Amino acid sequence: MIRFEHVTKRYPDGTTAVEDLSFEVAEGELVTLVGPSGCGKTTTMKMVNRLIEPTSGRILLGGEDIAGADPVELRRRIGYVIQQVGLFPHKTVLENTATVPQLIGTPRARARARAAELLELVGLDPAVYGGRYPQQLSGGQRQRVGVARALAADPPVLLMDEPFGAVDPVVRERLQNEFLTLQKTVRKTILLVTHDLEEAIRLGDRMAVYGSGTIEQFARPAAVLGSPATDYVASFVGADRGLKRLAVTPVGTADLEAVTGPAGSAAEPAEHAAASAPAPGGHPPAGAEPTVALGASLREALAALLQGDSGRIGVTDPDSGALVGVLTPQGVHRALRRAQLQEA
Ligand code: ADP
Ligand code: MG
């Protein structure tokens, strides 16, 4: 969907911001660009909507070289969310959200109805917030309006530059989670810039780790953490990268132990164990023990494990809610090893 071919950008003062970038973002994929300040992330992003022109190389959007596209028309296909949000202070939240559709000729009533839907989608009740002005919102709420506004023209591509950078860590994590849920519905092709490694790991289907003006590694977060391509990447992701892997490794059936029945009896098939109440003296997780669903991250599972005393948690089928096995600390270790081997 977005393809960089040997793209270099040198500013007039001689600064080489990025050099010989080549990568591709698939349709519906969310790629995070992460790296220290000044490494060329924003420059990369602004070349996609032609706020900045490359010095050499080319960028294709849906197979078309954007150098030949009309910049105004191009930007209609590309939503843009920036940290400072850039809402119009003298316009209401609803008017701000409806700006782009109105600009491209959507009738006012329809643009406003669509804006209300989008506010709903990002968790802002239009009846409550639609009539407010940006300064009457919290930072997190403004950020949501920024996302709603970028989605309003229904562009296939979104560029997001430090979209959650301006809010405090607790709100940021909530916005990130909401955004991931939203992305499951809207399936946009997204380039998201961040200097926050955890954010890049949590949000990215794949991530581009920038050194100075070049991409040192472009891979799925688990692969970056599991096998850093260079010493630079290894030091960027840190010595505790094993811990960070917990967030990107899902709990799978192979990591589980069977739910054991009452003492003395052999392990039952999981379906039986789920259906029958745990008997005293046996080892099935007691009713009060925490559970996580298959596919939850090891990080969530470990957090749940640490809440209880039993050193094990139940793992359930995400659809039926039935217990399918138990996860122990050994299981967590196995899962990490398995994921590491898969990446290798
Ligand atoms: P990032 O977003 O990763 O912090 P940028 O893409 O903004 O990095 O900047 C990359 C490099 O290009 C930096 O060294 C920055 O100082 C330089 N740079 C950015 N914009 C300009 C400009 N308009 N003129 C000259 N140098 C610039
Ligand atoms: Mg930047």
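Some housekeeping: the model is predicted, with local features needing pLDDT of at least 70, side-chain atom pairs counting only at pLDDT 80 or more, and totals for chains, interfaces and linings using all residues. Residues are numbered from 1 along each chain as its sequence is written, chains are lettered from A and ligands numbered from 1 in the order written, and side-chain values use heavy atoms, leaving out hydrogens and water.

A pocket here is an open set of points on a 1 Å grid over the protein atoms alone, where a 1.4 Å probe fits, with protein on both sides within 12 Å along at least five of seven lines; lining residues have an atom within 4 Å of a point.

Elements giving two or more residues are α7 (169–186), α8 (197–203), α9 (221–226), α13 (298–307) and α14 (329–343); helices are DSSP runs of H or I, at least four residues, and strands are runs of E, at least two, numbered from the N terminus. The largest share, five residues, comes from α7.

Of its 21 lining residues, Arg 75, Ile 78, Tyr 80, Val 100 and Leu 103 are closest to the centre. Here the largest share, four residues, belongs to β6. Thanks, all!
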